[in-house]
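Thanks for coming, everyone. Please have a look at the screen, and then I'll walk you through what is there.

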Amino acid sequence: DFHEEYLKRAGLKIRYEFDEDSGSFVKTKINEKILKNHIIRNILSNSIKFSHHNSELLIRISKNHYGVYNQYSKLSSKKIEELNKVKPQESTLDEDNKSSLGLGMFIVKIFCHYAQINFAISQDEKSGVVATELTFS
């Protein structure tokens with residue numbers, strides 16, 4: 001599996017946090033299996049690709065929220081604004097120096113819009129942690 005191989009090569013660890021009421025998350029918040037699988041797979045994949053080597057990814061799930069948090073280089077406010085727009089983004093990985101067209105996240109944003117899921121990317125200025133979050137109403 002690509003994710004397992006990349007996690008091992010990059011020395012990434014994954015930690016999970018679940019609220020006790022998060023069991024309804026998958027069943028009721030994202031009803032269409034294709035949407036759920038595509039959205040979550042792409043968010044996780046991007047978080048893995050855009051993490052510093054030998055760092056930790058945190059996946060946090062609660063009743064109305066799904067978030068992936070990863071350590072990454074400082075992003076400008078303009079870049080964060082661009083990442084939150086519904087359009088393809090060309091991206092370069094700092095440590096591997098690879099580029100990507102960003103079509104996966106573009107499609108995720110379209111699916112989120114279609115499913116009425118609030119999608120947001122932000123970064124904590126002090127810690128450098130990037131948060132990719134889905135919020136359900």
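The chain has five helices and seven strands. Helices here are DSSP runs of H or I with at least four residues, strands are runs of E with at least two, and both are numbered from the N terminus. Starting at that end, the order is α-β-α-α-β-β-α-β-β-α-β-β.

A word on the source. This is a predicted model, where local features need pLDDT of at least 70, side-chain atom pairs count only at pLDDT 80 or more, and totals for chains, interfaces and linings use all residues. Residues are numbered from 1 along each chain as its sequence is written, and side-chain values use heavy atoms, with hydrogens and water left out.

Now the overall numbers. Of the 137 residues in the chain, 41% are buried. Buried means under 20% relative accessible area, exposed means over 50%, and partly exposed is in between, with a 1.4 Å probe and protein chains only. Next, contacts, meaning heavy atoms within 4.5 Å. Take those with a separation of 6 or more: 59% of them join residues 24 or more positions apart.

On to the core. A nonpolar core is a set of buried Ala, Val, Leu, Ile, Met, Phe, Trp, Tyr and Cys residues, joined through side-chain atoms within 4.5 Å. The largest one has 28 residues, and I43, Y66, F119 and L134 have the most contacts inside it. Elements giving two or more residues to this core include α1 (2-10), α3 (33-49), β3 (65-71), β6 (117-123) and β7 (129-136). Which helix gives the largest share of this core? It is α3, with five residues.

Look at I43. Beyond its neighbours within four places in sequence, I43 is in contact with Y66, V68, M105, V108, F119, T132 and L134.

Stay in α3 for I48. I48 is buried, at 0% relative accessible area. I14 is 34 residues away along the chain, yet the C-alpha atoms of I48 and I14 are 9.4 Å apart.

Next, helix α5. It has 12 residues and reaches 16 Å from first C-alpha to last, close to the 16 Å expected at 1.5 Å a residue. That expected span is 1.5 Å times one less than the number of residues. M105, V108, K109 and C112 are buried in α5. Down the axis, the buried residues of α5 fall within an arc of 100 degrees, so they line one face of the helix. The arc is taken from the directions from the helix axis to the C-beta atoms. Just after α5, Q116 has a positive phi of about 55 degrees.

Now the rings. How many aromatic pairs are there in the whole structure? Two. Rings of Phe, Tyr and Trp (its six-membered ring) pair if their centres lie within 6.5 Å; planes under 30 degrees apart are stacked, over 60 edge-to-face, and the rest tilted. Y16 and F18 are stacked, because their centres are 6.1 Å apart and their planes are at 10 degrees. Y16 is partly exposed at 48%, and F18 is exposed at 52%.

The other pair is F50 and Y72, edge-to-face, at 5.8 Å between centres and 80 degrees between planes. F50 lies in the loop between α3 and β2, Y72 in the loop between β3 and α4, 22 residues apart. F50 is buried at 15%, and Y72 is buried at 13%.
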